[in-house]
Amino acid sequence: MYHDKKQINKQFRIIIFIMIICCFLGCNARKKDFSQIEEEDRIIVGFSQIGAESAWRTCNTRSVQNAAADQGVQLVYDNAEQKQENQIKALRSFIAYQVDVIVFVPIVTDGWDNVLQEARDAGIPVLVTDRKIDVVDQSLYAGFIGTDSLKEGRNAGLFVLDKFENKLERSENTEEYINIVELFGTEGSSVALGRAEGFREVLNAHPNYRIIYSKSGDFLRSKGYELAVEFLDMYEDIDVIFSHNDGMTLGVIEAMEEKGLLPGTDIVIVTIDAQQAAIDALREGKVNCVIECNPKTGPEIIKLAQKLAAGEQIPRLQYVHEEVFYETDELSLIEPRGY
Ligand code: GZL
Ligand code: ZN
């Protein structure tokens, strides 16, 4: 009897064991099937990025790549190395590859009508991010998410006014003109055009503020340095430097210090992006105002791309949250920037 019982027990255990194995295999199979189904269901996003010209840009790229990975979105990434023709080639390859959605950062505002028409003919929705485009037919892209460069420029102008109007009131400033040097971003890019326009909008009402020099440093530190060497030689009396991005500002600081000048003291400096190095310079008194341009738009971008892939509408225009950091702020409270 006991023997039988033991026998039954043993058989029972074998059956349970086989059931567990089957269940495990089944799950595994399901898992394989599941991932298989997931593979087919995963959306494919073609992402055309400008390049890696600044810390801001590389942070923006990482943000999109990480968000895509978190969401199980397949990202086909192309780095255009600062060339519009490379971007157009990339968009065409995304169309040929029949991605579900195209996301791209237009390096300049013009020249996209034809390739976006091709994307539309292929039935591929397009999300524009970071920089804006000018197209005849606005329906060629589904929407924009990115920075409000006009507002950034206005904030820079308002800081300069505040900085000097107070000084004028205290009549410390005996100068007739406040002389301003502008380091312009990439020619033809919506962000440089917007920053320049917003800055001028604020200062145009004050004729004693004049822009004596404005050249493009293409958002590059090396060019910011070269331009600074040039304008520091050209002008004796520069009161303000308005730089369209921190990368160029870091080049300016280097050139000023080589000449024994004190950035942030001898010349007021306003800069845009708010990468860590600029916040550090603000803390050291080497710049006087840092205007944030938020590169961490990946999660929002991928969410919008998923909506487009699902055939849903998205907002035409979506600005991201941005702050301004002033020399008078409690600077120890600023979180590490991560770029
Ligand atoms: C701004 C972005 C600009 C940054 C630069 O939205 O397009 O390009 O200000 C970057 O640092 O190179
Ligand atoms: Zn002056």
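**Exercise 1. Polar contacts of ligand 1**

Find how far a polar side-chain atom of Asp 130 lies from an oxygen atom of ligand 1 in this predicted model. Then look at Asn 245 and Asp 273.

*Solution.* Start with Asp 130. The distance from its polar side-chain atom to a ligand 1 oxygen is 2.4 Å. Next, take Asp 273: a side-chain N or O atom lies 2.5 Å from an oxygen atom of ligand 1. For Asn 245, the corresponding value is 2.9 Å. Now apply the cut-off: a polar contact needs a pair of N or O atoms within 3.5 Å. Asp 130 meets it, Asp 273 meets it, and Asn 245 meets it.

**Exercise 2. Cover**

How much of the accessible area of ligand 1 does the protein cover?

*Solution.* On its own, ligand 1 has 320 Å² of accessible area. The protein covers 100% of that. Then place the ligand: ligand 1 sits in the largest cavity.

**Exercise 3. The shell**

Which elements give two or more residues to the shell around ligand 1, and which domains contribute at least three each?

*Solution.* First, the elements: helix H2 (55-71) and helix H6 (190-203). Second, the domains: domain 1 (42-145 + 296-320) and domain 2 (149-293) each supply at least three residues. Third, sort the shell by class: six charged, four nonpolar and three polar residues. Last, pick out the nearest of the 13 residues around ligand 1: Glu 53, Asp 130, Arg 131, Arg 195 and Asp 273.

Terms used:
Residues are numbered from 1 along each chain as its sequence is written. Chains are lettered from A and ligands numbered from 1 in the order in which they are written. This is a predicted model: local features need pLDDT of at least 70, side-chain atom pairs count only at pLDDT 80 or more; totals for chains, interfaces and linings use all residues. Side-chain values use heavy atoms; hydrogens and water are left out. A residue is near a molecule or strand if one of its heavy atoms lies within 4 Å of it. A polar contact is a pair of N or O atoms within 3.5 Å; within protein, one must be able to donate a hydrogen and the other to accept it, and residues adjacent in sequence count only if both atoms are side-chain atoms. Accessible areas come from the Shrake-Rupley method with a 1.4 Å probe; for residues, only the protein chains shown count as cover. On a 1 Å grid over the protein atoms alone, a cavity is a set of points where a 1.4 Å probe fits but cannot get out, and a pocket is an open set with protein on both sides within 12 Å along at least five of seven lines; lining residues have an atom within 4 Å of a point. A molecule sits in a cavity or pocket if more than half of its atoms lie within 2 Å of its grid points. Helices (H or I, at least four residues) and strands (E, at least two) are DSSP runs, numbered from the N terminus. Ala, Val, Leu, Ile, Met, Phe, Trp, Tyr, Cys and Pro count as nonpolar, Asp, Glu, Lys and Arg as charged, and the others, Gly among them, as polar. Domain bounds come from an automatic or database domain assignment.
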